[in-house]
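Good morning, everyone, and thank you for making time for this.

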Amino acid sequence: MHQRPIGTATRGTTNPNRLRRMDRWIAATHGPALRRSEAPVAVDLGYGAAPWTAVELLERLRTAEPRTAVVGVEIDQARVAAAKPYEREGLTFTHGGFEVPVSGRPVLIRAANVLRQYDEDEVAEVWQRLCARLAPGGLLVEGTCDEIGRRHVWVALGPEGPRTVTFATRLGSLDRPSDLAERLPKALIHRNVPGEPVHAFLRDLDRAWATASPYASLGARQRWIAAVRAVSADWPLTDGVRRWRQGEITVRWSALRPAA
């Protein structure tokens with residue numbers, strides 16, 4: 001008997017290159033796990049009304065491991081039917097939800113712009129369900145971005161639970177780092193208030209950005225690097241200048257998880 005998919009359909013909004021920042025981070029940080037896997041399978045969960053994000057995920061992950069296969073999973077059967085003509089070697093589409101109906105355990109599950117429509121108190125259960133589907137050493141990346149991919153925030157989780165939070169932006173569009181707050185994932189977006197760690201972090205990053213204003217004459221990238229280096233004295237960052245240059249900053253989840 002076919003299991004009814006778990007979850008509800010999203011709006012389905014998508015655009016080409018919308019998830020490029022997230023994809024490039026995954027390829028850079030998770031590439032070794034893909035290469036170690038005997039059968040590296042990645043899942044694009046809730047890819048939306050068009051298959052562009054799954055197509056692009058395959059292309060980007062194959063720069064890290066050419067054997068990677070991608071399965072696009074959608075709860076809306078009409079979207080699966082529309083995506084079928086785009087199937088090719090290494091890329092398939094299937095009907096499903098949070099149960100992730102693929103054979104074996106994937107090395108990666110990416111769920112972008114999926115949980116924003118859910119209540120905050122539903123997130124932990126979904127995370128737990130998805131993490132339980134991961135292969136040993138696997139990664140769940142769950143987060144949100146704007147419509148054209150200028151601003152992203154995502155949580156990276158292993159089978160054991162949340163690990164890090166990454167903030168990524170096109171630096172030329174940034175007025176101040178706290179602009180990224182509007183793209184916080186569901187687990188954090190209602191926590192950007194005084195007394196919560198994520199609010200304190202964004203406050204400190206804004207202050208460091210303001211202090212680094214003299215670097216603006218050298219470009220937004222140099223200003224960003226100076227600001228991130230400053231906050232690294234007080235916040236547990238997991239990345240370095242190579243990622244900072246991409247307009248990213250990654251912080252341990254333990255430092256930003258909700259206070260309650």
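I will go from the overall fold to the salt bridges.

Please keep in mind that this is a predicted model, in which local features need pLDDT of at least 70 and side-chain atom pairs count only at pLDDT 80 or more, while totals for chains, interfaces and linings use all residues. Residues are numbered from 1 along each chain as its sequence is written, and side-chain values use heavy atoms, with hydrogens and water left out.

The secondary structure comes to nine helices and eight strands, where helices (H or I, at least four residues) and strands (E, at least two) are DSSP runs numbered from the N terminus. The C-alpha atoms fill a box of roughly 60 × 40 × 30 Å along the principal axes. Of the 260 residues, 56% are buried, and here buried means under 20% relative accessible area, exposed means over 50%, and partly exposed lies in between, with a 1.4 Å probe and protein chains only.

Now, how many salt bridges does the structure hold? There are 21, a salt bridge being a side-chain nitrogen of Lys or Arg within 4 Å of a carboxyl oxygen of Asp or Glu.

Let me start with the side chains of Glu59 and Arg88, which form a salt bridge at 3.9 Å, N to O. Glu59 lies in helix α2 (residues 52–61), whereas Arg88 sits in the loop between α3 (77–83) and β3 (91–95), so this pair ties together parts that are 29 residues apart in sequence. Both ends are partly exposed, Glu59 with a relative accessible area of 45% and Arg88 with 42%.

Finally, salt bridges that share partners join Asp23, Asp44, Glu56, Arg60 and Arg110 into one network.
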